[in-house]
Amino acid sequence: MSYCVKCGVKLSPGSKSCPLCGTAVISPEEQETAVPTFPRNPKSPPGQRIRRSTVALLLELLLILPPAVCLICDFVPDRSLGWSYIVLASILLAGVFILPPVWKGKKFLPFYFFLDFSAVGGFLAFLCAFTGGNWFWESSLQVLLLAAAEVYIAWVVRIKTKISALRFAALILTEIGFFCLGLEILLNRAYHFHSMPVWSLYPLVALSAIGVILTVIDRDPALKEKLARKFFT
Amino acid sequence: MAEAKKRWLKLDNAAKIYPAAKRRRWSSVFRVSVTLSEEISPLTLKKAIRRAAKRFPSFFVRLRRGMFWYYFEEVPAPAPEKDDAFPCRRMTRAELSRCAIRILYYRDRIAVELFHAVTDGNGAMIFLKSLVAEYLRLQYGAEIPSEAGVLNLNDEPKPEELEDSFLKNEDGCVSAGRGADNAFYLRGTRFRTDFLSLTTGMMPVDIVTEKAKQGNVSVTVYLAACLICAIEHIQKKTVGKRKHYKPVKLLIPVDLRKFYESETLRNFVLYITPGIDPKSGEYTFEETLKAVHHQMGGELTRQNFNAKIRANVRSEKAFILKIMPLFIKNWAMRLVYNLVGEKKSCLTLSNLGPIQIPEEMKKYVRRFDFVLGAQAKNNFNCAVLSYQGKLYCNVTRSVKEPLLERELFPLLVEKGIPVEIESNFYQEDLPH
């Protein structure tokens, strides 16, 4: 019979380590004769995990099914392919969004960020070419780059600085306001709607003001606590 | 309903929440077990179960869906199964539709696992003692009298044993309120399977009783205070500022049979939630002991239980609830359970107290155990009983980190109580 040197508890015969703190126990004679309190069933170990690669493979197989059906539906009536390209591209885009994180986990977030925006760009460029227009190069690409820049800024601020949740919310709101402004400027430049920004000023002013209010609240812990109690409990 | 001929039973008032609250990965299951002096014979156990099934018709049932409520339907006695690597495995919908009771054996141990809607801990213990008495009669020819919670299997089941004592004892005209603050939540990394870790702390009853007597409290109050101090210590380590601290409360089931002289073998417990609010200042162990003692003293009154029973029964009898189809009722009850069911306490502490058995059984029985399964959200639970001078404190958890055990048992050692530990959790089974 052994005792844990750390917890002071008596351990049952055959314990290799203390179940409370994990401190190792050395008593080989007892380990051989000990009877476990429960059968050790290899079918249900506590940490059995489903492999990510299996889930990714299953999802991949599931994603192949709809495009295959679409290709057949598009091809059979007139022996040519048309609209099914859009379905194929959409599914490919969904695959790029879903499969890498499922397969590799959260380890490669910057890579997923780059990959996802590239995939959206590629998808829009394909749609543009497929429909015979020029809108992707005139406006969509710029809007996409603007969105990517704003997401990147928010992400870097969140990861690199110890910004509070309230200040981060303020940053996001202000970014949305500026995104609206940027969007209108880009659309005006491409399609000559107005010479000056009009509608985007409303969300910009409102969201920036809320952002400032949140920052001011965040500076006063007593006020923050009071508001939290008032609104959340 | 009460006669065996009808072969179906309405769920009792306390049981109604369990089928509604169960989910894909969780159902409320608990276990009582007995360890004998010799290896179990499955054949004899099978015969004993068949005999017990006639005497305990409310235990051998399956869960069925009605239009408005769930109900139980009697089923033939199941065969005993070999025990698993962990206790209180969840009962799936398919399993519940076959039988809501499992009888397991492993070496010298017989365990009974039950869906909580069938009965409570005390009812289950009466069943286990009667089953074991019959097993000993068949296996060794032992002559065991029907006393100390062992029922005579030759008798017909009494109507009082099958009654819903909540409905019978609805009294008074005041309904208890349900408002309370949310309690501190013990976090952890959940096991990927429904594995349940069980850590048993065994300690001498006389020393625990003496320590409790020194503080002028009962053993339950003493253990509750130890648990609260252990949880409070975890909160102190994991939550930064005192203003973010939450109350540390335990859910303690109270057996109402003593208060209402009921003989029912179905659920007849209500809960009290003693605890401390560390936000208002630090508590010493003695202060915690006093706080729990006075809170429990104030709540353990027949009048208080009258109000609680009335509130529960009134909800069941509400016309709108009665005519609501079961699937809507389930949805509403699950919502209520998620909002208030487990959030008002950190964990459940259930103490069955000292287990009494007839003198003739004692030479065959080495040990009793009581284990609570995991809850849907709360990751830890604690069940206690004592037998033959030893107190068995079974702490279960559905997370990898032994947070509570690591605080509780060393605290008991620090108080001068020698604790022996055993566990079903093997670190080497975790993936590296």
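Select α7(A) and colour its buried residues: Leu204(A), Leu207(A), Gly211(A) and Leu214(A). A residue counts as buried if 20 or more other C-beta atoms lie within 10 Å of its own, as exposed if 12 or fewer do, and as partly exposed in between, with C-beta atoms placed from the backbone. An α-helix has 3.6 residues a turn, so residues three or four places apart point the same way.

This is a predicted model, in which local features need pLDDT of at least 70 and side-chain atom pairs count only at pLDDT 80 or more, while totals for chains, interfaces and linings use all residues. Residues are numbered from 1 along each chain as its sequence is written, and chains are lettered from A and ligands numbered from 1 in the order in which they are written.

Now turn to the other side of α7(A), where Tyr202(A), Val205(A), Ala206(A), Val216(A) and Arg219(A) are exposed. Next, show α6 (165-191) of chain A, which is part of what covers the buried residues of α7(A).

Move to chain B and select β5, β6, β7, β2 and β13: in that order they form an open sheet of 5 strands with mixed pairing. Strands pair if DSSP finds at least two bridges between them. The edge strands, β5 (81-82) and β13 (365-372) of chain B, each pair on one side only. Zoom in on β5(B) and β6 (residues 101-106) of chain B, which pair in the parallel sense over 2 bridges. Lys82(B) has Tyr105(B) in β6(B) as its bridge partner.

Terms used:
Helices (H or I, at least four residues) and strands (E, at least two) are DSSP runs, numbered from the N terminus. Two residues are in contact if their C-beta atoms, placed from the backbone, lie within 7 Å.
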